[in-house]
Amino acid sequence: MIASVLPTYSRAPLTFVKGEGSWLIEADGRRFLDLGAGIAVNALGHAHPALVEVLSTQAQNLWHVSNLYQIPQQQTLADQLVDNSFADTVFFTNSGTESCELAVKMARKYWYEKGHPEKVEILTFEGSFHGRSSAGIAAAGSEKMTKGFGPLLGGFKSLPWGDLEAVKAAISDETCAILVEPVQGEGGIRPMADADLQALRAIADEHNLLLILDEVQCGVGRTGKLFAHEWAGITPDIMMVAKGIGGGFPLGAVLATEEAASGMTAGTHGSTYGGNPLACAVGGKVMEIVAAPAFLDSVRAKAGLLRQRLEGLVADNPEVFEEVRGTGLMLGLKCKAVNIDVVNAGYANEVITVPAADNVIRLLPPLTLSEDEIGEAITRLDAAAKSLG
Ligand SMILES: *Cc1c(COP(=O)(O)O)cnc(C)c1O
């Protein structure tokens with residue numbers, strides 16, 4: 001008989017009943033150091049007092065009204081995002097995949113309204129992940145995600161990762177946009193070089209294409225800047241956000257320039273839950289904390305320390321690990337052992353990591369991770385590696 005929960009996930013036999021900062025407590029009382037943060041979601045760790053307070057206060061007053069009415073918490077969060085980014089305007093969603101849907105619709109509608117209904121094709125990259133909706137899987141294009149779900153949403157062309165010549169060669173009169181993660185997450189923590197992101201921006205400008213960045217995983221302070229593209233000194237036309245922005249409450253957003261958003265007039269898009277008062281109250285507090293320059297400084301400092309310690313870990317365990325990759329607190333350990341075995345050895349040593357493609361384990365800890373916890377992380381990862389040796 002089928003499980004009562006549709007069996008689409010392969011779950012570890014772990015049941016966490018409480019979270020405190022960087023720690024998760026299992027039903028049997030064991031304390032796990034959480035270097036996964038719910039896949040880069042719990043940006044401020046678990047049960048951050050400021051988030052608990054803002055959520056409880058909002059819960060006592062108003063949960064939901066729909067977008068038929070004014071939502072001041074949404075307005076506040078939109079203003080914070082606009083003030084701290086390239087964007088002029090924001091639409092709120094509940095997830096990364098919904099942000100992908102709107103980004104695709106927005107880019108196509110832009111060209112439609114400009115009198116170019118033929119411009120519908122979006123160039124994407126192999127190894128990317130943009131969510132599980134029909135647009136998301138078509139954008140990623142991998143057989144693993146798309147097989148059996150045809151007919152796929154058309155209008156995507158997947159190109160080799162970082163291959164700028166392939167991008168130039170793929171551009172036609174039908175191309176409307178380039179869609180890329182500045183740091184691939186699911187694809188195995190693969191940062192795009194700053195120079196390549198700059199080149200993509202230049203190609204987009206030259207050929208009159210929109211640049212869409214998927215910062216669902218790498219955004220909201222994860223790389224030590226509020227948004228990852230800031231490292232390259234470029235700005236997109238449209239950007240997808242989710243995961244960290246809600247700190248654990250389901251929330252996503254699409255940020256855009258006024259020009260790129262110009263096709264999205266009243267009635268062209270909507271969401272029942274998107275931007276609801278609970279989610280936006282929490283998101284506003286996350287932004288208030290994460291966007292503060294001193295907080296981002298602290299992320300960069302911790303990221304430097306963690307990276308340095310991980311280089312040592314790799315050097316000490318050359319049979320298990322091959323290299324450290326990534327940026328900020330979005331780090332990956334490319335494994336020589338099977339990555340799932342390393343993740344499981346981590347569980348046995350009460351440390352949580354997340355597998356990714358390319359035989360990588362991901363470290364996406366809360367941005368609030370302390371220096372002591374970095375030491376603890378290395379101790380536990382080292383024990384996990386030694387147990388495989
Ligand atoms: C997780 C993720 C998504 C999908 O987000 P969901 O909230 O799971 O729908 C899209 N893009 C990237 C880069 C992601 O990491």
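Does R132 count as buried or exposed, and what is its relative accessibility?

Modeller: R132 counts as exposed, because its relative accessibility is 59% (exposed is over 50%, buried under 20% and partly exposed in between, with a 1.4 Å probe on protein chains only). Bear in mind that this is a predicted model, where local features need pLDDT of at least 70, side-chain atom pairs need 80 or more, and totals for chains, interfaces and linings use all residues. Numbering runs from 1 along each chain as its sequence is written, and side-chain values use heavy atoms, without hydrogens or water.

R132 interests us through its annotation: an unreviewed UniProt entry gives R132 and S271 the feature "binding site", and such annotations may be inferred rather than shown by experiment. Of these residues, S271 is included in the lining of the second largest pocket.

To place R132 in the fold, look at the loop that runs between strand 5 (121-125) and helix 5 (134-140) (DSSP runs, helices of H or I with at least four residues and strands of E with at least two, numbered from the N terminus). Leaving aside residues up to four places away in sequence, R132 touches T97, I137 and M145 (contact means heavy atoms within 4.5 Å).

S271 also sits in a loop, this one between strand 12 and helix 9 (277-290). With residues up to four places away in sequence again set aside, S271 touches N67, F91, F92, N94 and E98.

Some of those names come back when we turn to the pocket (an open set of points on a 1 Å grid over the protein atoms alone, with protein on both sides within 12 Å along at least five of seven lines; lining residues have an atom within 4 Å of a point). The second largest pocket has 28 lining residues, and N67, Q74, V90, F91 and F92 are those nearest its centre.

The lining of the second largest pocket holds 16 nonpolar residues, 12 polar ones and no charged residues (charged being Asp, Glu, Lys and Arg; nonpolar Ala, Val, Leu, Ile, Met, Phe, Trp, Tyr, Cys and Pro; polar the others, Gly among them).

Technical notes. On a 1 Å grid over the protein atoms alone, a cavity is a set of points where a 1.4 Å probe fits but cannot get out, and a pocket is an open set with protein on both sides within 12 Å along at least five of seven lines; lining residues have an atom within 4 Å of a point.
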